[in-house]
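Hi everyone, thanks for making time.

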Amino acid sequence: MKTWQKLKKNPSLWQRYFVREKVIQAIREFFLKQHFHEVETPLLVSSVIPESYLEVFETHLLDRNRKKKRMFLTASPEASIKKLLVAGIGNCFEITKSFRNTETDSNLHNPEFTILEWYRVKATYEEIMADCERLLMFIYKKFRNPKPKDSHATINYQGKTIDLSVPWERISVPEALKKYSNVSFNEIAQQSNPMFPMELITRVARKKGYQVTDKNTWEEIFNQIYLNEIEPHLGTEGKPTIIYDYPRPLAALSKIKSSDVRLSERFEFYIAGLELGDCYTELTDYEEQKKRFAEEINTIRQKNKIAVSPDNDFLQTIKAGLPECSGIAVGIDRLVMLFADAANVTEILFFPLEDILK
Amino acid sequence: MSKITTSNFQKGTFIEFKSEPHQIVEFQFVNPGKGSAFVRTKLKSINSGKVQEFTFKSGEMVEEVPIAVHEMQYLYKSDKDFIFMDKLTYEQYTLNKSILGNFQKLIKTGEIYQILLHDNKAIGMRYPKKVKMLVTEADVGVKGNTVMGAKKLVIVETGLQIAVPLFIKKGDTISIDPETCEYVERLSQK
């Protein structure tokens, strides 16, 4: 039965779907109160920031003469927002749809999904960590209307009880690696080049019983250890968890940490086992960004994924001078799942992919 | 033994994990932030019944455990074990109740089932798509319509209590989905 049919048959289900509008209203209020501008950027673009772990949706624009131009759907509004930041917009946020191809057959992903991104100028990822704590408390208060003297802010998600009140648990990736995997970061990363030789991480992974072939990337091997041994502990032990300082191969568009160039200023936050957001102190160095573009394009080719047109306009924007800033992407569908206590993303979408495909 | 990859995974597939045969109970894809695709599985050990989670890299290869399917008659239950008899060889095989799970409430003495064998040991069942059941009691007491909608509870021949539409009567035969133990449709009326 499709979702709209289930709703017609059982009107008590509407409440679960109405959680979305409440969450989005609360998010808007939170940012507008702080005088952030709300922006709207294109979903249809002619070039994207190349990211090798993603697969894009590709389409064609036809001009009046029906001449074709290859176009893509955005996997994130990041590139356009950064262009606005260079132009001088200041603090801003966007609530929009993003598209990631091949992300089917999962409780946590829908290929078309709703994303919230916000950016603070003159800020690093530490300011955004505080934003996350305050945003979740703001949404919580809108839902629960707790008494002012209540110092706790507990929610239940799939049998786990989490207290959203500040401060949240903060742990770095190297600390988490040691605590949950019993691996010292020095076992997989060196101070001198090459910083992340495949032999080191391969040895660690194989010793733990994981299979490693010569086709696997550093990221794949690391993430397998991370998903099996570290992630189950994040945001599941009574408080939300902010896990920060990711290894450089997983830096994406984040700045490298000056105190340890093997790490990047990136964090994610988890609540009750749900990965809700991904943040960086934004990379502002043009040469480094150009280098990462080239690496990603190469990996995309190696992995036989859809070859994208790289957004060189974005590179030029970075060259023109991205202000020191930090930004984050939060999965709104995941936030809705949290507040609706839904285990599957299909439960909070009026038209999940499976309905559309039938 | 043949090798399969994560793209061949299906619910119910038997694979070798940590050198022991396990059954894939559940699986789904996950993409970590800024990461490639992985396959998160719930694996049940054939030997111990213990369920554990493991996340594979997408495309990772595993050994598929070879299984034979034999038709067997369900004889009786002894403590935690369900005893079956192979129709051809008359040999008896045992399935622990932890392997049968919910199907324990649907199994009928004397019926023929498809039993999966590995190394001449019963390790699972290929469940029928639907199970036919006789309704033995139809007036179990209405349990509050607001919760169940237009449904009531009945008892079927195995003793299972199940929610069905109001028109189901004692003596009707109904079809049940063995995966969810839920009513599917009425097959015949008394």
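Before I go on, some housekeeping. This is a predicted model, where local features need pLDDT of at least 70 and side-chain atom pairs count only at pLDDT 80 or more, while totals for chains, interfaces and linings use all residues. Residues are numbered from 1 along each chain as its sequence is written, and chains are lettered from A and ligands numbered from 1 in the order in which they are written. When I say helix or strand, I mean DSSP runs numbered from the N terminus: H or I over at least four residues for helices, E over at least two for strands.

So, back to α5 of chain A, which covers residues 173-181. Which of its residues are buried? They are A:Val173, A:Pro174, A:Ala176 and A:Leu177. Buried here is a count: 20 or more other C-beta atoms within 10 Å of the residue's own, with 12 or fewer called exposed, anything in between partly exposed, and the C-beta atoms placed from the backbone. Looking down the axis of α5(A), the buried residues fall within an arc of 160°, so they line one face of the helix. That arc is taken from the directions running from the helix axis to the C-beta atoms. Covering those buried residues are, among others, β9 (169-172), α7 (218-230) and β10 (241-247) of chain A.

Now α6 of chain A, residues 198-207. A:Ile201, A:Val204 and A:Ala205 are its buried residues, and they sit within an arc of 95° seen down the axis, so they line one face of the helix. On the face turned away from that buried side, you'll find A:Glu199, A:Arg206 and A:Lys207 exposed. The cover over the buried residues of α6(A) includes α7 of chain A. After α6(A) comes A:Gly209, with a positive phi near 95°.

Next, helix pairs. Two packed helices are described by the angle between their axes and the distance between the axes. The axes are lines fitted to C-alpha atoms, for helices over the stretch in contact, and the angles run from 0 to 180 degrees between N-to-C directions.

Take α3 (residues 78-87) and α9 (residues 312-321), both in chain A: they pack at an angle of about 30°, with their axes 10 Å apart. α3(A) and α9(A) are therefore roughly parallel to each other. For the wording, under 35 degrees is roughly parallel, over 145 roughly antiparallel, 65 to 115 roughly perpendicular, and the rest oblique. Their crossing is left-handed, meaning the near helix is turned anticlockwise from the far one by less than a right angle; clockwise would be right-handed. The contact is made by A:Ala79, A:Lys82, A:Lys83 and A:Val86 of α3(A), with A:Phe314, A:Thr317, A:Ala320 and A:Gly321 of α9(A). Contact means C-beta atoms, placed from the backbone, within 7 Å.

Staying with α9(A), its buried residues are A:Phe314, A:Thr317 and A:Ile318. They cover an arc of only 100° around the axis, which puts them on the same side of α9(A). A:Asn312, A:Gln316 and A:Ala320 are exposed on the other side. The buried residues of α9(A) pack against α3 and α8 (286-302) of chain A.

The second pair is α2 (residues 14-33) and α10 (residues 332-340) of chain A, whose axes come within 9 Å and cross at roughly 120°. α2(A) and α10(A) are therefore oblique to each other, and their crossing is right-handed.

One strand residue, too: A:Leu116, in β6 (residues 112-121) of chain A. Why does A:Leu116 count as buried? Because A:Leu116 has 23 C-beta neighbours inside 10 Å. Leaving out residues up to four places away in sequence, A:Leu116 touches A:Ile27, A:Phe93, A:Ile95, A:Val330 and A:Ile332.

Finally, chain B. Its secondary structure comes to two helices and 16 strands, and of its 190 residues, 26% count as buried. The C-alpha trace of chain B spans about 50 × 50 × 25 Å along its principal axes. How many residues of chain B are in contact with chain A? There are 15, in contact with 22 residues of chain A. β3 (20-30) and β5 (51-57) of chain B each supply at least two residues of that side.

Terms used
Contact = placed C-beta atoms within 7 Å.
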